[in-house]
Amino acid sequence: GVKVKNFLSYKDEATLTLMASSIEEHRDINTFDVRNMTLLKNAVLYGKNASGKSNIFKALSFVQNFIINTMKMDPTSSIGINNFKLNEDSINSPSTFELSFIINNIIYKYGFTILNNEVQEEWLHQNIQRFTTLFHRKSSDGSSLEIGPSFKEGKQVPKNQIRKNGLFLPLVAVFNGE
């Protein structure tokens with residue numbers, strides 16, 4: 001699933017989940033079970049014009065591009081966030097993105113918050129039997145970075161390599177993290 005807040009037409013938090021409802025129609029061909037959850041193989045977004053359908057895909061595209069290109073950015077480059085602009089409070093509020101996904105039967109939640117062209121917060125949690133923190137960055141410069149005991153590759157990254165306009169997780173990958 002994906003959560004987005006204060007991005008384009010999304011002022012408040014919006015969530016797109018692929019968890020199946022209790023409707024039985026097409027359950028046999030459009031769902032699969034993992035970890036006591038029934039998930040959709042695909043979904044369709046529909047609604048009236050200008051209701052935000054395309055913006056959920058723009059949010060996903062922004063997240064993908066930011067993760068892929070964060071290491072290519074100059075330390076002074078603009079992140080280029082397009083927050084909700086129809087409300088004065090939103091202009092000065094953070095934009096938040098969170099992805100939930102499953103790899104090898106482990107649920108992960110990865111997200112980050114951007115404000116004033118800086119990554120203010122970034123986190124990665126895993127759920128094997130319960131949610132635990134792999135890492136939680138609570139400041140733009142990385143001075144407040146909590147690394148969980150099971151995220152050894154995060155401990156290999158020098159804190160002085162963390163940029164205010166860059167993400168920590170791709171930096172871990174540069175340092176050959178799993």
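Q: What makes the approach between the side chains of E122 and Y110 a polar contact?
A: In this predicted model, the side chains of E122 and Y110 are joined at 2.6 Å, and because a polar contact requires a pair of N or O atoms within 3.5 Å, the pair qualifies. The side chain of E122 also reaches the backbone nitrogen of L169, at 3.1 Å.

Q: Why is E122 called buried?
A: E122, which has its place in strand β7, has a relative accessible area of 0%; buried means under 20%, so E122 is classed as buried. Not counting residues up to four places away in sequence, E122 touches a set of residues including Y110, F112, H136, R137 and L169.

Q: Why is the pair of F7 and F97 called edge-to-face?
A: A pair of aromatic rings is described by the distance of the centres and the angle of the planes. The ring centres of F7 and F97 are 5.3 Å apart, with the planes at 70°; because pairing requires centres within 6.5 Å and edge-to-face requires planes over 60 degrees apart, the pair is edge-to-face. Both F7 and F97 are buried.

Q: What makes the pair of F7 and F97 a tie between parts that are apart in sequence?
A: F7 lies in the loop between β1 (2-5) and β2 (14-16), whereas F97 belongs to strand β5 (residues 95-103), so the pair ties together parts that are 90 residues apart in sequence.

Q: Why is the pair of F62 and F66 called stacked?
A: The centres of the F62 and F66 rings lie 5.8 Å apart and their planes stand at 20°; since planes under 30 degrees apart count as stacked, the pair is stacked. F62 and F66 both lie in helix α2 (residues 53-69), 4 residues apart, which is about one turn of the helix.

Q: How do you know whether F62 and F66 are buried or exposed?
A: F62 has a relative accessible area of 12% and F66 has a relative accessibility of 4%; because buried means under 20%, F62 counts as buried, and so does F66. Ring pairs link F62 and F66 with F7, F97, Y110 and F112 into a cluster, and the structure holds 10 aromatic pairs.

Q: What makes β2 and β9 the edge strands?
A: In the open sheet of 7 strands, with the order β2-β1-β5-β6-β7-β8-β9 and antiparallel pairing, β2 and β9 (145-147) each pair on one side only. For β2, pairing with β1 runs in the antiparallel sense over 3 bridges.

How values were computed:
Residues are numbered from 1 along each chain as its sequence is written. This is a predicted model: local features need pLDDT of at least 70, side-chain atom pairs count only at pLDDT 80 or more; totals for chains, interfaces and linings use all residues. Side-chain values use heavy atoms; hydrogens and water are left out. Rings of Phe, Tyr and Trp (its six-membered ring) pair if their centres lie within 6.5 Å; planes under 30 degrees apart count as stacked, over 60 as edge-to-face and the rest as tilted. Helices (H or I, at least four residues) and strands (E, at least two) are DSSP runs, numbered from the N terminus. Buried means under 20% relative accessible area, exposed over 50%, partly exposed in between (1.4 Å probe, protein chains only). Two strands pair if DSSP finds at least two bridges between them. A polar contact is a pair of N or O atoms within 3.5 Å; within protein, one must be able to donate a hydrogen and the other to accept it, and residues adjacent in sequence count only if both atoms are side-chain atoms. Contact means heavy atoms within 4.5 Å.
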